[in-house]
Amino acid sequence: MASLGSRLVDIHTHVYLPRYAALLRSRTTVPRILTATRDGKPDDKLIILDHDTGRPVGPQYWDRDEKLKFMDRHGIDLSVVSSANPWLDFLPAPEAESMAAQLNEDLEQYCADSPSLTPSLKRLYGFGMLPLVPGISTTALLAAIEQISKLSYLKGIIMGTRGVGKGLDDEALDPVWAALERTGLVVFLHPHYSIEGQWGEKDNGHVLPLALGFPFETTIATTRLILAGVLDRFPALRLLLAHSGGVLPQLSSRLASCIEHDPVVASRLKHDARYYLGKLYFDAVAYGPEELGFVSDVVSRAKHYEHNTSVPANATFERGLGSGRMLFGTDHPFFPPLKGTDKWPSVVENLRAIDAVYGWSSSDKGGVRGGNALSLFDLV
Ligand code: 5CU
């Protein structure tokens, strides 16, 4: 049996639990699953995005055995599974509240019934869901956090970027951040809406919203959260960003400069903007070694900005240091292979990227492959 340090752990892997898939099937407007048959076989289509004409959807989205088969095929020991977008965003508050409670119980059971990896570890853990919709009461949100924190196999929550309608810089969320900080639940921040696109008139399918819109959405949401002082007020919040934080690492020095030139905004923050990147966690779903190395550089550098607005000339920082906040993910069951290959190219590319980062030691790579996740989710 592999030692814990050499485990492969997938922290970005989704499910539409059967109860949620049934809800999508019952709907006549987006998001929905359009049920159909072709040549006597199910030919269901998932329609969740703007201008979505529907993509094939099947048991790989809801069947736990399919998740385990996928994990076995790729040597993944343990997965921290999250409900896929758009979560409960489209439901009225009372329905979102009861659906969140039921889905959290369903996910707990999904994990509890999974095989054991060791006498003390299961193969599946999960991120629960909050009923984050307009009109929901703070009491309901806090009750959902309380519920999740008591479920043994749920180690965090997945959250979109809209909060309760006004985004993640809404003061109404302060009690939510406080409760998440207190309970230690990891917050997996994930996009759904993309951004108002300058996507043009050419038919590029979903390439632009998925490749650029999703990561920009995460970038903007996280930046607004930083600018609102959320990470100053709740410094122990554990926030994990999808798709390696989008373009936030690339734009963080520009962001810091723009803040410095705006005294009103600057006065709201305790630190240089770059400092906060060292407080975040990043999935390693970036598909390229250069991108992963860059994110880890930015994270390594962050500590120098705790009291400064520039890195001292004699400062040293190691690339590997930042890798401690990066975690392997697959985005399963999205991006399936188009040809009948055994392994999914999307997974193979992300693993190869981790393996090829210049300057990461084998222990850094082992951390990103699984060790960091086991620590972050308190599974060691
Ligand atoms: O391909 C897609 O639409 C998606 C999606 O909706 N959510 C996700 O996490 N990855 C890909």
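Mentor: Helices (H or I, at least four residues) and strands (E, at least two) are DSSP runs, numbered from the N terminus. The part to look at is the loop between β7 (78-83) and α3, where P86 is placed. Residues are numbered from 1 along each chain as its sequence is written. The model is predicted, and local features need pLDDT of at least 70, side-chain atom pairs count only at pLDDT 80 or more, and totals for chains, interfaces and linings use all residues. The mean pLDDT (the predictor's confidence in each residue, from 0 to 100) of the chain is 95, and 99% of its residues reach 70 or more. For the complex, the predictor gives an ipTM of 0.94 and a pTM of 0.96.

Begin with the backbone of the loop. N85 and P86 are joined by a cis peptide bond, with omega about 10°. W87 is in the loop between β7 and α3 as well. Although W87 is not a glycine, its phi is positive, at about 50°.

The ligand comes next. N85 is among the residues around the ligand, along with H14, I48, L49, A84, L210, D331 and F334; here a residue counts as near if its C-beta atom, placed from the backbone, lies within 6 Å. This shell has 5 nonpolar, 2 polar and 1 charged residues, where Ala, Val, Leu, Ile, Met, Phe, Trp, Tyr, Cys and Pro count as nonpolar, Asp, Glu, Lys and Arg as charged, and the others, Gly among them, as polar. Another cis peptide bond joins H332 and P333, with omega about 0°. P333 lies in the loop between β15 (326-327) and α13 (345-355).

Now follow the chain into the helix. α3 (residues 93-112) packs with α4 (residues 138-150) at an angle of about 5°, with the axes 10 Å apart; axes are lines fitted to C-alpha atoms, for helices over the stretch in contact, and angles run from 0 to 180 degrees between N-to-C directions. The two helices are therefore roughly parallel to each other, the term for angles under 35 degrees. On the α3 side, E97, A100, A101 and N104 meet A140, A144, Q147 and I148 of α4, contact being C-beta atoms, placed from the backbone, within 7 Å. By class, this contact has 5 nonpolar, 2 polar and 1 charged residues.

Terms used. Parallel < 35°, antiparallel > 145°, perpendicular 65-115°, else oblique. Contact = placed C-beta atoms within 7 Å.
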